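User: I would like a close look at one part of this protein. Please take me through it slowly and say how that part sits in the rest.

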Amino acid sequence: MPVDAPSRPAPVLDHRPSTESVASRREQVVREVARRSLLTDTEPVCAVLDLDTIDELASSLRAAYPAEVTVLHTIAAKAIPLVGVLKHFQKMGLGCEVASPGELELALAAGFEPDRVIYDSPAKSNQDIAQALALGVRFNIDNFGELARVDRLIAEHRGEIPSIGLRINPQSGAGSIEAMSTATTTSKFGIGLADYREEIVRAFTERPWLRQLHVHSGSQGVALEHTATDVARVVDLADAIEAATGAQQVDTIDVGGGLSVNFASDETTPSFSDHADALRQTAPDLFSGKYEIATEFGRSLTAKAGTLLGRVEYVKQAGPRSVAVTHIGVHVAARSVFMPQSWPLRVEVFTPEGTRREGPSEVYDVAGPACFAGDLIATARTLPVIQPGDIIAVPDTGGYYVTNHFAYNSLPRPAIYARATVDGRRSFSLVRRGQTIADVVAESGEVDLVEITSESTDTLDGRIPDAR
Ligand SMILES: Cc1ncc(COP(=O)(O)O)c(C=O)c1O
């Protein structure tokens, strides 16, 4: 190379899982499930997570950010509230974003250090806030009412104050899925930047312990440029706070999660480096080294790693339509069943032995087992001819599907397994046991109703939540 050749930035290695590896791992998963006879009359549906794919997604996230900048990447627990898998993320060096007392306990049980846990919730109780302070968990305040509570609790708090931020709603509008859009003018999340810019700056000038700004514009369907523009607004707000206080006060910018997932093919697109590039272009000061960055991705770290597998029970005819009645339904795919336009899923057909079905096709509705007509995971879909006993595989379901069970019809929570390569050998493990019917009955409440009187509330062994 000539000595005066212009120097170029080193290319960022593409760590994301390749389209081929995602597809071939899924084929292996279906074969393993068939070979081990994991789909039975008692457990006709299960899910498998691919830890190799999760590892590649996490490394591609890390690689997307320059090594010189301090970044706390967290996994959003709501996408994958499974203690064993959260522990896997912890071992990879990620932190954990939580949004409820239950998720916080999961994160602690998975071994995350409290200062690597970020607690976001618009409805934190006094107890939740006091616990976060006592444990040293980072948290983002959602609204002025919560800010006033934190003021009171901090006044009583002895010891170090964890990193505390304010969640900002940039009020920049919705993405393509209204229900997932948190930056609308009237969103229930955060403090509106257009509504309260001055009050936000004042909140910081009056509270030296407030050191973080948080923004999460939505999950799935928010364009990269939209997200990046919102982050730029928050960086600009950090400058305004610095100008008002006369010194840098905001030391961390939490950019939330929300990278959309491609449900149409096995390609991981957009990638974490596309996301970071959009941030670099639109909010370059984020990478100046002045701020620590926090991220809170969920779906984009998990979706491509998961497959739902269910047995076909019957194939029948309804008018001109063939209907495959399967065990994959609303209990494991609530979003797609209730909002099929927003959350379309691919469906693949395999023989009972786990071989992909090829050949002649038909148009099918692929139905779940639940007792309402809309319990369909695909409608009018052209698929290879399906036989009873076949296995239906649904890709891209590693986050927010089987892990966010919907208990309609008392359908039990299915088993979840993990496939991984460990020391060059393939391993297959249990992540979560399937619920038994006995578990479902036990969970359904008291067999003999327990009378509550004002005197008896304290004696019920914690079974009745204290509403005071
Ligand atoms: C505050 C916050 N952070 C992170 C996430 C994770 O979003 P995603 O799974 O789209 O990355 C969510 C999702 O609801 C959220 O509300």
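Into which domains is the protein divided? Once that is clear, please look closely at strand β11 and the strands that pair with β11.

Analyst: This is a predicted model, and the values below are computed from it. The protein is divided into domain 1, residues 51–300, and domain 2, residues 304–442. Between the C-alpha centres of domain 1 and domain 2 the distance is 32 Å. Where the two domains touch, domain 1 gives 17 residues and domain 2 gives 17 residues. On the domain 1 side, helices α2 (51–63) and α3 (83–91) each supply at least two of the touching residues. The largest share of that side, 5 residues, comes from α2. Sorted by class, the side of domain 1 that touches domain 2 has 11 nonpolar, 4 polar and 2 charged residues.

Now to the strand you asked about. Strand β11 covers residues 306–318. One of the strands paired with β11 is β1, residues 45–50; these two run in the antiparallel sense and share 5 bridges. Within this pair, Cys46 has Leu309 of β11 as its bridge partner. Another partner of β11 is strand β16, residues 391–394, again in the antiparallel sense, with 4 bridges. There Gly310 is bridged to Ile392 in β16.

β11 also pairs with strand β12, residues 321–326, in the antiparallel sense over 6 bridges. Two positions show how the strands line up. Lys316 stands opposite Val323 in β12, and Gln317 stands opposite Ser322 in β12. As a general point, side chains in a regular strand alternate between the two faces of the sheet. β11 and β12 together form a hairpin, with 2 residues between the strands. In the turn of this hairpin, Gly319 has a positive phi of about 60°.

From β12 the pairing continues to strand β14, residues 361–367. β12 and β14 pair in the parallel sense over 4 bridges. In this pair, Val325 has Ala367 of β14 as its bridge partner.

Arg346 is in the loop between α11 (334–338) and β13 (348–350). Arg346 touches Val394, Pro395 and Asp396, and also Phe263, leaving aside residues up to four places away in sequence. Of these, Val394 falls at the end of β16, which covers residues 391–394. Arg346 has 16 C-beta neighbours inside 10 Å, so this residue counts as partly exposed. Arg346 and Arg381 are 35 residues apart in sequence, and their C-alpha atoms are 9.4 Å apart in space.

For a contrast, take a residue from a helix. Leu237 lies in helix α8, residues 224–245. Leu237 counts as buried because 22 C-beta neighbours lie inside 10 Å. Residues up to four places away in sequence aside, Leu237 touches Ile168, Leu193, Ile200 and Leu213.

The ligand and the residues around the ligand come next. There are 16 residues around the ligand, and Ala76, Ser219, Gly257, Glu296 and Gly298 come nearest. Strand β10 (292–297) and helix α10 (299–302) each supply at least two residues of this shell. By class, the shell holds 4 nonpolar, 8 polar and 4 charged residues.

Last, the whole protein. The secondary structure comes to 12 helices and 18 strands. The radius of gyration is 24 Å, close to the 23 Å that the globule rule gives for 468 residues, so the protein is as compact as a globular protein of that length. Taken along the principal axes, the C-alpha atoms fill a box of roughly 85 × 70 × 45 Å. Of the 468 residues, 42% count as buried. The pairing of β1, residues 45–50, with β11, residues 306–318, belongs to the strand you asked about.

Methods. Residues are numbered from 1 along each chain as its sequence is written. This is a predicted model: local features need pLDDT of at least 70, side-chain atom pairs count only at pLDDT 80 or more; totals for chains, interfaces and linings use all residues. Two strands pair if DSSP finds at least two bridges between them. A residue is near a molecule or strand if its C-beta atom, placed from the backbone, lies within 6 Å of it. Ala, Val, Leu, Ile, Met, Phe, Trp, Tyr, Cys and Pro count as nonpolar, Asp, Glu, Lys and Arg as charged, and the others, Gly among them, as polar. Domain bounds come from an automatic or database domain assignment. Two residues are in contact if their C-beta atoms, placed from the backbone, lie within 7 Å. A residue is buried if 20 or more other C-beta atoms lie within 10 Å of its own, exposed if 12 or fewer, and partly exposed in between; C-beta atoms are placed from the backbone. The radius of gyration is taken over C-alpha atoms; the globule rule is 2.2 Å times the number of residues to the power 0.38.
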